[in-house]
Amino acid sequence: MPRRPGGPTRRALLGGAVAAGALVSFGRGRAQARPDPRNPLDQGIDQDVAAPFPFPRNALYVQPLGGELPVEDVALVKTALEEIVGLSVRVLPPAALPAEAWYAPRRRYRADKLLDFLDPRLPTDGMRILGLTGTDISTTKGKVFDWGVLGLGRIDGRSSVISRFRCAMKSRGPAQARERLAKVAVHETGHTLGLEHCPNRGCLMEDAEGRVATCDREYDFCARCRKLLTDAGHPLPAAPKIPWRRPA
C-alpha cells in the first residue's frame, strides 16, 4: 500500500479476512542535499566500522519487529530486494513492537504508527528501512478506520512495513506464504522509491485490490515501472535472478 511521507499511506494490501490492497503516502520526499566533500560519509566511507569500505548509497535496512520470524522468510525477503531491486540489504537486530502502535479493539498494530517508529531508526548510511513482522497490522482505508493490510509504504518516504500474518491466509503452506511476503517486500519498497500502483497484470506493483492471491500471479517489475524507476534515478538490475517461478 502506498502513502506519502507525513500523510495517510495508500499502498493497500490485504483487508478483511483475506483482502489485499496498497496505500499511497500523500506528499513527496525532500530533495536530497548536495554531497559535502568535507563529510566522510559523502566521500564513500562508512564510519560505523573500524575499516573503511565503499559507502553503499543504495543500502536498505530490514528491521525485524516483535517475535521471531522464520530464518527462511527473512532470507527470501533479503534475496528478493537484492536481486530484483538491486539494493544492498542489511538486517538489523530484532526490536520490540512499539506499544503506541497497538490497537487493542482489534488486537493488532497500526501500520502508520509503525512507519513513524521506523523513520528515525534508519541508520545514517541507509536510504530506506523496511519493518518485518509476523503480527497482524492495519491502517485506515477510505471510510474503514481499521483495515487489515499485508503492508504499508510511504511513496518517496524512508520507511515501509510488511506482515507475514495475512500472507499465510489460504496459502498452500510456508513456502507460498514466504514467497508472498518477499513479493510484498519488493512492492512496498517500490512505493518508497516513488512508484504507485501499476495497471499491468503480473507486475510486482499491481494493486492487490483486496485479494492476497493477487501476489501469486506477480513475477517482476513490468517495463513501465522499470522505466519510471530508471527515469527517477533508481535503475533496476538488467537481468535479475528472480527467486520464484514464473506463474503459469
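S159 is found in strand 10 (residues 159–163), where helices (H or I, at least four residues) and strands (E, at least two) are DSSP runs numbered from the N terminus. The model is predicted, so local features need pLDDT of at least 70 and side-chain atom pairs pLDDT 80 or more, whereas totals for chains, interfaces and linings use all residues. Residues are numbered from 1 along each chain as its sequence is written, and side-chain values use heavy atoms, without hydrogens or water.

With a relative accessibility of 0%, S159 counts as buried (under 20% relative accessible area, 1.4 Å probe, protein chains only). Leaving aside residues up to four places away in sequence, S159 touches L115, L118, D119, I129, G153, R154 and T192; contact means heavy atoms within 4.5 Å. The side chains of S159 and D119 are joined by a polar contact of 2.7 Å (a pair of N or O atoms within 3.5 Å, one able to donate a hydrogen and the other to accept it; residues adjacent in sequence count only if both atoms are side-chain atoms). A polar side-chain atom of S159 also lies 3.5 Å from the backbone oxygen of L115.

L115 is one of the buried residues of helix 2, together with A111, D112, L114, F117 and L118. Helix 2 (residues 111–118) is largely enclosed by the rest of the structure, because six of its eight residues are buried.

Helix 1 (residues 71–85) and helix 3 (residues 174–192) pack at about 45 degrees, with axes 9 Å apart; axes are lines fitted to C-alpha atoms over the stretch in contact, and angles run from 0 to 180 degrees between N-to-C directions. In helix 1, the residues meeting helix 3 include L76, A80 and I84.

Terms used. Buried means under 20% relative accessible area, exposed over 50%, partly exposed in between (1.4 Å probe, protein chains only).
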